[in-house]
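Take a look at the model below. The walk-through starts where two chains meet and ends inside one of them.

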There are 2 protein chains.
Amino acid sequence: MQEKLYAAVDLGGTKIYAVLAENSGRILSSIRYDTLVDEGPEAILGQIAVSVRELLSQAGARTNRLSAVGVCLAGFFDWQRRLLIHSPNIPGLDQIRVEERLSRKLFVPVLAENDANAAAIGEARRGAASGSQDVLYITVSTGIGAGLVLGGQIYRGSRGFAGEVGHMVVKSGGILCGCGRYGCLETVASGTAIARAANEALQNGTATLLRELAREQGGRVNAATVFSAARAGDKLAQEIVSEAVYYLGIALVNLVNMLNPEVVVIGGGVSAAGDELFVPLEKAIRNYAILPAAASVTLKQATLGVEAGVKGMLCLLTEAESIR
Amino acid sequence: MQEKLYAAVDLGGTKIYAVLAENSGRILSSIRYDTLVDEGPEAILGQIAVSVRELLSQAGARTNRLSAVGVCLAGFFDWQRRLLIHSPNIPGLDQIRVEERLSRKLFVPVLAENDANAAAIGEARRGAASGSQDVLYITVSTGIGAGLVLGGQIYRGSRGFAGEVGHMVVKSGGILCGCGRYGCLETVASGTAIARAANEALQNGTATLLRELAREQGGRVNAATVFSAARAGDKLAQEIVSEAVYYLGIALVNLVNMLNPEVVVIGGGVSAAGDELFVPLEKAIRNYAILPAAASVTLKQATLGVEAGVKGMLCLLTEAESIR
């Protein structure tokens, strides 16, 4: 008999990334589509179903070898009611039972999971925190989110909404966040916040290397450019990075104190900044976390990149299978 | 055969409180001593052993009915190494193996637990959050601590140090905390912080009802007095309370967003303030926590008072027994 296959789909606000894998985790095929974000649930779920069939076809595998499908969702997935409550980047999926509807299209069980949770379990099982039981995964990208692996399992909270670290207030008297509070981590340390701070400074006419880089990029810079300029010695960029990293450090230390994790993994686009980010964060933990908690935690850069979500989903699928 | 008995001991920096109970949780006898805090480990552990024998004698129970003893410790108890790393209020117990040493005195198994964890499981099993699986317990007293019950069990972190919510930074640019950071929750919202703010205001000569109350109390007020004065309409006291509760609300919302608990229980001396505390905290959660998390959480006042720790220990002892 041929080995069972699993498909994992990372459904993002701009891209769908899907892979087909064996039980062992070996990936047989992968595919990337632009998400039909404005075309409603039927179109988006249809896209996923098509992706899965395409993956099987690419791998030359028969449909009946597909054992289950996992989908990571960016949004508030109610784990108890199996209902996607709200998906900020794909509003068409609000109040949709993704598992049930996809399962009817694909004729296999479908398991949904919040994307940060999936990435967290990916990094905890196959990535930067392999072998660790208590892992805090933070993704710093356009937004900031978190996934908790506690005692070896995803911790979702009572309903599935745990991990909203982007809305931890870290700067009293900071700017208004979409959530209604002022000074949330996302408003000072996300890729969006870093880029905004840089673009505001450019408009205020501050002369800097950033201005040259902005010109090359059509007048505006993104977070990656700000980190590059900081590395190249640009003072303004260094100040912006330093502010963002300072507040990220506050949040990290708060969480190390509260949760006493074994490993903290930072992923997401901004984590590619490397030392500019990790050296000061490491220092913040060593200097400011409560001593016994600081002494028992390791800070790591995520290693799975954009594959963290699908790799986590594959772990969850094969683990769910082995329980059945 | 007679029912087995369990003793639970709450070892505090000023008092030792100990109870003897049946498997059912029914308490047969209780005792309170002043802790011999400055006399070293042998004296303190000896006191506990004496307390336990006294409890048995009070209850008219033979020693061989004692099945196990639980001790809640205020400090950093390394759950993996079974070692009390540091106990800020009883420095004589630093680096002591409390379980092993007490067990040798009492000839029964001894189980140690951090006091906030024990209180959290007490409230989650027998108190304000009975029947809930995901409980955040916060104790606001001279300091501020927390215990997490996640998925029905105490979550201790990788080594046993989870729950240090008192050192969450909530006020950027606030005052220096003992932990090395500025603006920690303890520096603005603990009983100590509330009393300090009031006593500073009194020294600055602000005329207020607080001054009269202070005179009655020998020149200084405590947090309870500040809450009473606020209830009686004193403007200064109201401002002090309002500042403390505002920052406690920031911390609560941060944690509701991060952990999506089913119930948040507030205990400790300051929680006796009742509505002055709970009405604004409830409002903070409703208005500022992420919508799905806010909609799925209940805020409750602790119901076990000073018994939370020993009642939690009794639960842990009988549960450990049933596993054996």
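Predicted model: local features only at pLDDT ≥ 70, side-chain atom pairs only at ≥ 80, totals over all residues.

Residues are numbered from 1 along each chain as its sequence is written, chains are lettered from A and ligands numbered from 1 in the order written, and side-chain values use heavy atoms, without hydrogens and water.

Start with the interface. In chain B, 43 residues are in contact with 43 residues of chain A (heavy atoms within 4.5 Å). The two chains bury about 3500 Å² between them, 62% of it on carbon and sulfur atoms. Buried area is the accessible area (1.4 Å probe) lost on being put together, summed over both parts. B:Tyr155, B:Arg181 and B:Met258 supply 20% of the area that chain B buries against chain A, more than any other three residues.

Which element gives the largest share of the side of chain B that touches chain A? That is α8(B), with eight residues. Helices here are DSSP runs (H or I, at least four residues), numbered from the N terminus. By class, that side of chain B has 23 nonpolar, 13 polar and seven charged residues. Gly counts as polar.

Now move inside chain B. The axes of α5 (191-203) and α7 (223-231) of chain B come within 8 Å and cross at roughly 65 degrees. Axes are lines fitted to C-alpha atoms over the stretch in contact, with angles from 0 to 180 degrees between N-to-C directions. From α5(B), B:Gly191, B:Ile194, B:Ala195 and B:Ala198 make the contact. From α7(B) come B:Ala223, B:Val226 and B:Phe227. Six of these residues are nonpolar, one is polar and none is charged.

Terms used
Helix = DSSP H or I, 4+ residues; strand = E, 2+ residues; numbered from the N terminus.
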